[in-house]
Amino acid sequence: MNESDFVSRRALLGSAAALLPATALAREAAAANGGKPGAAPVRRSNAKAVDLAGPALLEAFMKMSATTDDRIVIGWMDAVTYAFIEGETFPLYRLFAATWYRFKRASPDRFEGTSLEVAFYHDINTGEPLKTLTMPRTGSVADVPLYRAGPSPNHVMLRREERREFGMARETRQGESFFRPGIALSRQWLSEVQRDGDSLLVREDIDTRVTPGDPAAQGFFYREWTIRRSPWDVVMDPRRTSAPTEVLYTGLAAFRPWMKMGATPGHTVQNGHGGKVERAEDLPDTILALCRQHHPDLINEPDKALTPKPKAG
């Protein structure tokens with residue numbers, strides 16, 4: 001991973017139960033009580049720590065998050081975003097996102113590759129695409145831009161900490177609307193490697209803080225927690241290079257420049273669920289339709305879209 005993984009998103013990542021319809025939860029509770037309505041029983045997890053570390057853990061994580069060969073895979077995310085200001089939450093938008101990945105092993109402890117992420121902002125209640133958004137507290141009416149970042153070079157390790165120039169704005173359409181330049185301190189690590197029945201669970205933490213060169217300018221931060229769940233047998237099969245994955249995601253981020261929040265104290269909060277597919281046609285219908293409408297090259301020519309363009313000069 002590079003700095004784009006620390007701020008984008010999260011492409012690929014809470015509690016998915018929070019997004020389930022109440023009727024579905026009611027049916028599940030009734031089924032657990034012999035078909036009778038009532039309080040849902042307490043769920044007991046049988047998850048136990050797994051002795052998986054080093055290159056073997058990295059191999060497993062890459063099967064869960066992307067692939068261990070150079071094939072293209074696509075991670076997707078369906079989340080809701082709120083503004084959190086002085087202890088109060090305000091609904092902002094529903095986020096649909098997809099990230100195209102391609103990786104290959106560079107060493108026992110490192111995978112290298114390229115990623116490209118797109119995201120779409122919709123009304124939480126109506127589901128309609130947002131063109132403008134009235135921001136809380138300030139009352140500012142912000143134009144909602146179309147997000148596309150990449151192709152960006154990435155590398156994946158079990159744990160890393162880096163300090164580097166933050167250049168996401170150069171790799172993003174309307175990049176100045178999403179990111180402020182500066183020096184980024186980024187950390188990423190894996191933990192809580194567990195087996196729960198037939199599933200393997202791995203938690204990933206991502207943390208980035210950007211300090212701008214201008215002392216008077218606002219900084220930027222992004223904090224993400226992700227839990228991935230994949231079939232144990234698939235991940236452990238040496239013949240398989242990729243495993244189906246369910247993703248639970250929570251993220252915090254500083255207000256983006258396009259939100260026109262100025263010095264308003266607070267940040268955004270995201271909560272959602274997602275997964276990974278090996279063909280664009282297998283993306284959730286809403287995300288697939290949005291990509292076909294706004295980014296047809298990702299559907300028709302993903303290999304070309306993921307090829308980094310040569311730098312000018």
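This is a predicted model: local features need pLDDT of at least 70, side-chain atom pairs count only at pLDDT 80 or more; totals for chains, interfaces and linings use all residues.

Colleague: OK, so is E161 buried or exposed?

Modeller: Exposed, because its relative accessibility is 56%. E161 sits in strand β8, residues 159–166.

Colleague: What does E161 touch, leaving out residues up to four places away in sequence?

Modeller: L185, S186 and R187.

Colleague: What lies 3.3 Å from a polar atom of the Q188 side chain?

Modeller: The backbone oxygen of M157.

Colleague: Let's zoom out. How many helices and strands does the protein have?

Modeller: Seven helices and 13 strands. The protein has 313 residues, and 50% of them are buried. Its accessible surface is about 15,500 Å², with 52% of that from carbon and sulfur atoms.

Colleague: Now the inside. Which residues touch the most other members of the largest nonpolar core?

Modeller: Y93, Y121, L133, M135, W258 and M259, out of 32 residues in that core. Several strands give two or more residues to this core, among them β2, β4, β7 and β10. β3 gives the most, with five residues.

Colleague: Which residues is M259 in contact with, beyond its neighbours within four places in sequence?

Modeller: Y93, M135, A142 and T268. There's also a second, separate core of 22 residues, including A66, V156, V193 and V234.

Colleague: What about aromatics? How many pairs does the count come to?

Modeller: Four aromatic pairs. In one of them, Y93 and W258 have ring centres 6.4 Å apart and planes at 35°, so that pair is tilted.

Colleague: Where do Y93 and W258 lie?

Modeller: Y93 is in strand β3, while W258 is in the loop between β12 and β13, so the pair ties together parts 165 residues apart in sequence.

Colleague: Which residues form one aromatic cluster?

Modeller: Y93, Y121 and W258. In soluble globular proteins, nonpolar side chains tend to be buried together.

How values were computed: Residues are numbered from 1 along each chain as its sequence is written. Side-chain values use heavy atoms; hydrogens and water are left out. A nonpolar core is a set of buried Ala, Val, Leu, Ile, Met, Phe, Trp, Tyr and Cys residues joined through side-chain atoms within 4.5 Å. Buried means under 20% relative accessible area, exposed over 50%, partly exposed in between (1.4 Å probe, protein chains only). Helices (H or I, at least four residues) and strands (E, at least two) are DSSP runs, numbered from the N terminus. Contact means heavy atoms within 4.5 Å. Accessible areas come from the Shrake-Rupley method with a 1.4 Å probe; for residues, only the protein chains shown count as cover. A polar contact is a pair of N or O atoms within 3.5 Å; within protein, one must be able to donate a hydrogen and the other to accept it, and residues adjacent in sequence count only if both atoms are side-chain atoms. Rings of Phe, Tyr and Trp (its six-membered ring) pair if their centres lie within 6.5 Å; planes under 30 degrees apart count as stacked, over 60 as edge-to-face and the rest as tilted.
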